[in-house]
Amino acid sequence: MIRKIIYGIFILIIVSAIAMFLRGTPFGVDKMDVGKYYLEETIPQTGAANVVTSVTLFYRGFDTLGEVTVLFTAALGVAVLLFIEDKKRKMTYVKANFVTKIGTRIVFPFILLTGAYIFMHGHLTPGGGFQGGALIATGFLLLYLAYEETSIDRKKFYLVEGLGGLTYVIVGLLGYFMRDSFLANVLPNGTLFDLLSGGIILPIYIGVGLKVGSELANIVDDLFCEVKCTGGE
């Protein structure tokens, strides 16, 4: 009984605090000036139609570069864990049926094309480099599931991954040397809603999309190699 009374008092305090906080808040009025600033200044400053993308790659681009580094570290961790794992462990590889194989062969090029479209239009529509790259890696995952003999050229994928990350850094350094600020916009904003608009956002998203796609595809190859390379059936 005492416990229920304590819980009731605790809930009453929380409800009262929320009510006091909301009492002075007018409905429908933005309380944050920074959000209003982004909505009003994104187009004249960046030329991007997608405000979220402009925040991710323009206003806080250095933070996004850190996120890309985190993804690389995660991929490296997976590779290290699989390398030191017990090689004698057996896993089962379930062979795909005829429908899966034919369906994969049909949709695979469309998956790659859609992924490229998403990361190249990240400044115009919802999406971007991370989403497009993840979709491309999903295509390779489907390929591995459908065809047991699938194996990517790791050297080429590492090269694409490195070039993608290098693109981000080079664009940032260009801003530093030309505008005295890392990742400052050094390209024209272009015409709103055009593909070649948004300044540095488009080349950065192309680099991020290629890096994420190749990085995740390498992880997929690592996981399937654990099955095939250790003699799993």
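Mentor: Relative accessible area under 20% means buried, over 50% exposed, and in between partly exposed (1.4 Å probe, protein chains only). The model is predicted, so that local features need pLDDT of at least 70 and side-chain atom pairs count only at pLDDT 80 or more, while totals for chains, interfaces and linings use all residues. Residues are numbered from 1 along each chain as its sequence is written, and side-chain values use heavy atoms, leaving out hydrogens and water.

Trainee: Is Tyr-176 buried, exposed or partly exposed?

Mentor: Tyr-176 has a relative accessible area of 45%. That value lies between the cut-offs of 20% and 50%, so Tyr-176 counts as partly exposed.

Trainee: What is the relative accessibility of Asp-180?

Mentor: Asp-180, which is not a glycine, has a positive phi of about 60° and sits in the loop between α7 (154-179) and α8 (201-228), helices being DSSP runs of H or I with at least four residues. Asp-180 counts as exposed because its relative accessibility is 70%.

Trainee: What is the phi of Phe-193?

Mentor: Phe-193 is found in the loop between α7 and α8, and its relative accessible area of 59% makes it exposed. Although Phe-193 is a residue other than glycine, its phi is positive, near 75°.

Trainee: How many residues apart in sequence are the parts that the pair of Phe-140 and Phe-157 ties together?

Mentor: The rings of Phe-140 and Phe-157 pair (centres within 6.5 Å; planes under 30 degrees apart stacked, over 60 edge-to-face, the rest tilted). With 5.3 Å centre to centre and 85° between the planes, this pair is edge-to-face, and both residues are buried. Phe-140 lies in helix α6 (residues 129-146) and Phe-157 in helix α7, so the parts tied together are apart in sequence by 17 residues.

Definitions and conventions:
Helix = DSSP H or I, 4+ residues; strand = E, 2+ residues; numbered from the N terminus. Phe/Tyr/Trp six-rings, centres within 6.5 Å; stacked < 30°, edge-to-face > 60°.
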